[in-house]
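This report describes pockets and a surface patch in one protein model. Please keep the sequence and the structure in view while reading.

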Amino acid sequence: MAMIEAIAVSRTSPLGRYATGDNYTDCFSVRIEARVSLEQFLAAFYGSRLFALERRFLANALGHRSTQADIDALAEGSTDKFAAWQVEFRGDDNILLCDVSGRTRSWLKCQPDRRSATPATALMFGSAVLRREGHSFKARLSRALIRLTIPLHRLYARALLRAAKNGLNELTKRET
């Protein structure tokens, strides 16, 4: 079973522009023994049972509803909005989403492993949380909350990537 690894955020990636100063950035990667497109990765990631919990929270707490049709539209590239996110950048193999507050980013990339004799893809999921500047109570509280929640975020990010990989494994088994 492939392990999920924490990897450095590439400075040349769309997420890399946020890996500066006191911003928090991370990136996790896992290898899957199949060729996977960005469309498939997005559908598996945002369509996973685990992410369905986050979608439910966003709908109930913040009014940002999303459906399977919304996931499909994002995956296909026919929309630039999904739940609480707006597409900031989209390439052939990666996408960067910005949340409605403008404070966080989510980056997903699928990169074919050309070194492998069999079809394989590295799936990557990274995040950025932009530091709130200033000395106000709100700014200090924001920075403290970010520091406190980072360990939970890292566990959740790995779990989301694992859920997407498992969904893609099921998809590729059905296709063969």
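## Helices and the model

A helix here is a DSSP run of type H or I with at least four residues, and helices are numbered from the N terminus. Helix H4, which spans residues 137-175, contains Leu-145. The model is a predicted one.

## A nonpolar surface patch

Four residues, Phe-137, Leu-141, Leu-145 and Leu-148, make up a nonpolar patch on the surface. Together they have about 440 Å² of accessible area. Leu-145 has a relative accessible area of 44% and is therefore partly exposed, as that term covers values between 20% and 50%.

## The largest pocket

Rolling a probe the size of a water molecule over the atoms shows where empty space is left. The largest pocket holds about 910 Å³ of space. Its lining consists of 30 residues, and Glu-54, Asp-99, Thr-104, Val-129 and His-153 are the closest to the centre.

Helices H1 (38-46) and H2 (49-62), strands E6 (104-112) and E7 (121-129), and helix H4 each supply at least two residues of this lining. H4 gives the most, with nine residues. By class, the lining has 19 nonpolar, seven polar and four charged residues.

## The second largest pocket

The second largest pocket has about 190 Å³ of space. Among its 12 lining residues, Ala-43, Ala-44, Gly-47, Gly-167 and Leu-168 lie nearest the centre.

Helices H1 and H4 each supply at least two residues of the lining of this second pocket, and the largest share, six residues, comes from H4. Sorted by class, the lining has five nonpolar, five polar and two charged residues.

Note on methods: Residues are numbered from 1 along each chain as its sequence is written. This is a predicted model: local features need pLDDT of at least 70, side-chain atom pairs count only at pLDDT 80 or more; totals for chains, interfaces and linings use all residues. Side-chain values use heavy atoms; hydrogens and water are left out. Patches are made of residues with over 30% relative accessible area and no salt bridge: like charges are joined within 9 Å, nonpolar side chains (Val, Leu, Ile, Met, Phe, Trp, Tyr) within 5 Å. Accessible areas come from the Shrake-Rupley method with a 1.4 Å probe; for residues, only the protein chains shown count as cover. A salt bridge is a side-chain nitrogen of Lys or Arg within 4 Å of a carboxyl oxygen of Asp or Glu. Buried means under 20% relative accessible area, exposed over 50%, partly exposed in between (1.4 Å probe, protein chains only). On a 1 Å grid over the protein atoms alone, a cavity is a set of points where a 1.4 Å probe fits but cannot get out, and a pocket is an open set with protein on both sides within 12 Å along at least five of seven lines; lining residues have an atom within 4 Å of a point. Grid points are joined across faces, edges and corners, and a volume is the space filled by probe spheres set on the points. Ala, Val, Leu, Ile, Met, Phe, Trp, Tyr, Cys and Pro count as nonpolar, Asp, Glu, Lys and Arg as charged, and the others, Gly among them, as polar.
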